[in-house]
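Here's a quick briefing to read alongside the model. Have the sequence and the 3D view open as you go.

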Amino acid sequence: MLSYVASRTGRAFLTILLVLTFAFFILQSTGDPAILILSADAPPEAIEAFRKEWGLDAPLWKQYLGYLWNLTGGNLGRSMRDGRDAWDVVSERIPITLAITLPALVIKVVIGISGGVLAALYRNTWIDRMVMAFAVTGYTVPSFVLGLMLMLVVSVQWGLLPSAGADSWRHAILPIITLGVAGAAVLARFTRSAMLEVLGQPYIRTGQAKGLMWRAVVTRHALPNAAIPTLTIVGFMIGSLVAGAVVVESVFAWPGVGRLLVSAVANRDLMVVQAILLLVTVTMVTSNLIVDVVYGLVDPRLRAARGGGSTS
Amino acid sequence: MTDATLPAVADAGPGAVRRFFKAYPPFVILALVWIALTIVVAIFADLLKPYDFKALDLRDRLAEPVFMNGTFRHILGSDELGRDVLSRLIESIRMSLTIAFASTLITAAIGVGLGFLAAHFRGWVEQLVLGAIDFMAAIPFLIVALAVLAFFGNSLTLFILLMGMHGWERIARITRGLAIAAQEQGYASAAREIGASPWRVYGMHILPNIASTLIVAMTLNIPEVILLESGLSFLGLGVQPPLTSLGNMVGYGREYIQTAPWILLAPAIVITLTTLAVSILGDWLRDRFDPTLR
């Protein structure tokens with residue numbers, strides 16, 4: 001078990017390092033940040049001074065090593081726009097994003113899992129068809145379309161809720177619903193098929209044959225087994241709490257990490273983009289790692305046998 | 001192949017009609033009709049659009065569509081520069097479909113190529129490919145794509161290439177598994193024994209035999225690419241003006257949601273129906289043709 005955790009952790013670190021390296025070289029090779037930020041017709045002395053100040057005159061590999069060295073000391077660099085610490089710029093947005101993604105996660109889990117379980121237990125009845133119709137719709141309607149439709153009906157037509165901004169809790173309702181519905185659909189679809197697979201197993205028939213109450217068969221035997229694959233998806237959703245709302249935040253002008261990313265990208269603010277990439281990759285990889293370890297604990301067969309990574 | 005997979009309903013009452021709908025559920029037929037329609041629109045876009053999609057009509061700005069008491073001059077209305085929404089919609093369908101198909105072909109080429117490499121060489125090559133697959137599955141693709149796009153600027157070729165990076169790991173995983181299984185079968189070793197080159201064995205013998213599963217996987221990739229493309233274009237980081245795509249139109253229409261909701265309604269409906277139709281088709285194809293499912 002220990003070596004399993006160790007090799008998983010090693011892989012997780014490797015992934016994070018690869019993303020950082022990839023991002024560093026891609027972002028640095030796409031043009032001179034000095035010119036991008038100061039504009040091309042800035043005086044040459046100003047550009048030179050800017051390059052010197054930000055260490056852009058050093059060779060790329062030196063900048064890269066310096067960047068990694070600063071990282072080990074917890075220094076993510078400074079925003080090239082306003083000179084503030086990049087981590088401060090990013091971290092002050094995290095609670096704002098969590099304010100909509102955490103409630104949305106609760107909606108996803110409650111509606112998604114119960115819907116999927118119900119659909120599987122009442123297979124081929126109207127309950128199943130309703131859940132599946134909801135799941136397919138939620139799966140194929142892009143989140144920005146869903147968000148804009150909600151905005152059009154609830155805010156513009158009925159005037160019930162504000163359409164954009166983050167001034168009060170009422171502003172958070174539509175983004176939460178948008179995020180929650182789409183995720184619940186994915187989870188319902190997944191839970192249903194996991195549950196159906198479990199219900200087809202011989203041990204369920206054994207349980208019924210030895211005279212157990214159907215309720216007991218479902219709660220004691222079916223649900224725990226179906227929970228294992230469902231856990232992967234929930235883990236993935238937890239991993240995307242910080243950055244899973246890029247599009248929805250843009251739709252509703254919600255000032256979270258996602259909007260910061262879009263504006264930092266538009267402003268060519270390298271260090272802030274790097275910091276967000278790091279944050280997102282670390283949260284995703286960590287939650288994948290935790291899911292893998294929990295998987296290993298719950299299901300000993302997987303410890304040695306699993307060759308591939310977790311599916312997303 | 002087609003006859004063998006048709007469900008056996010010999011004793012069904014009215015016979016042919018019922019059998020037909022059992023094999024081709026109405027939803028699937030509707031999905032096929034919609035997909036065919038969008039493809040026709042994409043191919044004949046130049047003949048179908050009433051105006052040039054970039055043409056301004058400043059005297060007729062924000063004209064309402066026919067179904068909102070507008071005139072037939074602009075059937076789906078016009079935007080705030082007086083550009084015809086229907087013409088832009090047709091052009092956008094062509095752009096979005098082109099990106100979806102082109103990038104899915106790239107995805108398939110990368111996935112099949114790497115899958116075959118892993119299956120053929122095994123050893124460290126396979127480990128490398130598996131590592132790359134794990135890496136792809138672990139990174140937040142949308143975020144990385146966003147960063148790459150913004151810093152590389154607005155080249156359409158680059159955008160299609162980047163979209164082609166999405167989802168290759170699934171194709172590679174499937175291809176590797178199927179190719180390893182196929183090597184054990186008689187036909188592949190027979191071809192090898194009579195001296196066929198690896199290119200021939202993989203290209204002429206193994207690929208056609210695993211094609212049905214791959215086509216299903218590719219079909220399921222298309223709606224994801226459409227969503228990804230429209231999402232990025234919506235954020236203003238995908239297809240750039242003066243070119244237009246469905247997500248682009250929605251993003252632009254967002255500014256006018258209060259005064260002119262028709263600008264975003266038409267492309268939003270088209271995106272939704274198209275991803276829905278392709279998903280229904282993909283699920284149906286998978287149930288019918290994927291031998292790995294029961």
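Helix α10 (residues 202-209) of chain A is hardly covered, with 0 buried residues among its 8; buried takes 20 or more other C-beta atoms within 10 Å of a residue's own, C-beta atoms being placed from the backbone. Helices are DSSP runs of H or I, at least four residues, and strands are E runs of at least two, numbered from the N terminus. This is a predicted model: local features need pLDDT of at least 70, side-chain atom pairs pLDDT 80 or more, while totals for chains, interfaces and linings use all residues. Residues are numbered from 1 along each chain as its sequence is written, and chains are lettered from A, ligands numbered from 1, in the order written.

**Chain A**
- Just after α10(A), G211(A) takes a positive phi of about 85°.
- Chain A comes to 15 helices and 0 strands, and 37% of its 312 residues count as buried.

- The contact (C-beta atoms within 7 Å) takes 40 residues from chain A and 35 from chain B.
- On the chain A side, α1, α7, α8, α12, α13 and α14 each supply at least two residues.
- That side has 27 nonpolar, 11 polar and 2 charged residues; Ala, Val, Leu, Ile, Met, Phe, Trp, Tyr, Cys and Pro count as nonpolar, Asp, Glu, Lys and Arg as charged, and the others, Gly among them, as polar.

**A helix pair in chain B**
- α9(B) (168-183) and α11(B) (198-234) pack at about 150°, axes 10 Å apart; axes are lines fitted to C-alpha atoms over the stretch in contact, and angles run from 0 to 180 degrees between N-to-C directions.
- That makes the pair roughly antiparallel (over 145 degrees).
- Their contact residues divide into 9 nonpolar, 3 polar and 1 charged.

Conventions. Buried ≥ 20, exposed ≤ 12 C-beta atoms within 10 Å, placed from the backbone. Contact = placed C-beta atoms within 7 Å. Parallel < 35°, antiparallel > 145°, perpendicular 65-115°, else oblique.
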